[in-house]
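Reader: I would like to learn how the words used for a protein model follow from its numbers. Could we go through them one at a time, setting each value against its definition?

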Amino acid sequence: MSGSRLGLALRRWVDSGAVSAAERSPDARRIDWPRVLPFVAVHLGCLGAFWTGASATALAVAAGLYVARMFAITAFYHRYFSHRAFGTSRVAQFAFALLGASAVQRGPLWWAAHHRHHHAHADGPRDCHSPVERGFLWSHVGWFLARENFATRTELVPDLARYPELRWLDRYDVVAPVALALLLYGTGEWLAFAAPGLGTDGWQLFVWGFCISTVVLWHATFTINSLAHRFGRRRYPTRDDSRNNAMLAVITLGEGWHNNHHRYPAAARQGFYWWELDLSWYALRALAALGIVWDLRPVPVAIRDSHRAAAGGDRR
């Protein structure tokens, strides 16, 4: 790799506005290998648990950050930024965008733009992460490491791009994860001094709260692109291959009702029936009761029950 290409690769770790001609080259679908290094490094960081050990404190922090950041991804990156399924204030919009960015899944504009592109071309040749077109590995991890998918498709999110704070967070999407990692390390070191009975320290909270929690969060989220288009039940005959998968719905706080979602993406609720567990929906209802969000878009009954007429009363 030449010095100029190496410099650009390093700059892109901290500034996603550093786009090169490679994104528009004939081999744009090739993996951008320098971008793989931080992804691999966080995975390797999980091995640090063999040296740091575990504690109830570290496990609670890891679980709490998993749930909080998964909610930010599912409810805000997905249902709010991508589909505008409810309303909120500018302050809450930024706060949840910041929490979502700490999940290390790029910035809110990048995430929403690629997701809108996915819905426009779901499971077709232009879909950026279809397992039907490119296979499991590509849909699970390959697509976001490819050169062609590095840049934010700003033209698809003009409603979000008008906010300078969201543009900044999207461009410098590394800031939130680094700040979280430093906060965890600093908090752990303080607890080791102030509350030694908790049995934790900086490195332990970093390994469990950042590395392990983030890796589990990554792969749980990625299953919606890969597994939820291959395994599960199809209630609605959508033009894509989306499936409802109850197990994935549990680990992603409701995203596993993916065939429901592709039937009516505008809804704030993805578990269309009461027995379809959608924890993000219940959390949004709680935020609505507090006045933090509002205008939660419902699923029209005619759309929800359209499969029954087609199936002669089948209530699946």
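Reader: What span is expected for helix 12, and what does helix 12 reach from its first C-alpha to its last?

Author: Helix 12 covers residues 202-226, and its 25 residues reach 35 Å, close to the 36 Å expected at 1.5 Å a residue. The expected span is 1.5 Å times one less than the number of residues, and a helix here is a DSSP run of H or I with at least four residues, numbered from the N terminus. Please keep in mind that this is a predicted model, in which local features need pLDDT of at least 70 and side-chain atom pairs count only at pLDDT 80 or more, while totals for chains, interfaces and linings use all residues. Residues are numbered from 1 along each chain as its sequence is written, and side-chain values use heavy atoms, with hydrogens and water left out.

Reader: Where does helix 12 bend, and by how much?

Author: The bend is at Ser 213 and amounts to about 25 degrees, taken as the angle between axes fitted to the seven residues ending there and the seven starting there.

Reader: Why is helix 12 called largely enclosed by the rest of the structure?

Author: Of its 25 residues, 21 are buried, so helix 12 is largely enclosed; buried means under 20% relative accessible area, exposed over 50%, and partly exposed in between, with a 1.4 Å probe and protein chains only.

Reader: What makes Trp 143 and Phe 144 an edge-to-face pair?

Author: Rings of Phe, Tyr and Trp (its six-membered ring) pair if their centres lie within 6.5 Å, and planes under 30 degrees apart count as stacked, over 60 as edge-to-face and the rest as tilted. The search of the whole structure finds 21 aromatic pairs, and in this one the centres are 5.9 Å apart with 85 degrees between the planes, which makes the pair edge-to-face. Both Trp 143 and Phe 144 are buried.

Reader: Why is the pair of Phe 144 and Phe 222 called tilted?

Author: The ring centres of Phe 144 and Phe 222 are 5.0 Å apart and their planes stand at 40 degrees, so the pair is tilted. This pair links distant parts of the chain, with Phe 144 in the loop between helix 8 (136-142) and helix 9 (158-161) and Phe 222 in helix 12, 78 residues apart. Both Phe 144 and Phe 222 are buried.

Reader: How do you know that the charged end of Arg 84 sits over the ring of Tyr 80?

Author: The term requires NZ of Lys or CZ of Arg within 6 Å of the ring centre and within 35 degrees of the ring normal, and the charged end of Arg 84 is 4.7 Å from the centre of the Tyr 80 ring. Arg 263 also lies over a ring face, that of Tyr 236, at 5.9 Å from the ring centre.

Reader: Why is Arg 106 called buried?

Author: Its relative accessible area is 13%, so Arg 106 is on the buried side of the cut-off. Arg 106 lies in the loop between helix 5 (90-101) and helix 6 (108-120).

Terms used
Helices (H or I, at least four residues) and strands (E, at least two) are DSSP runs, numbered from the N terminus.
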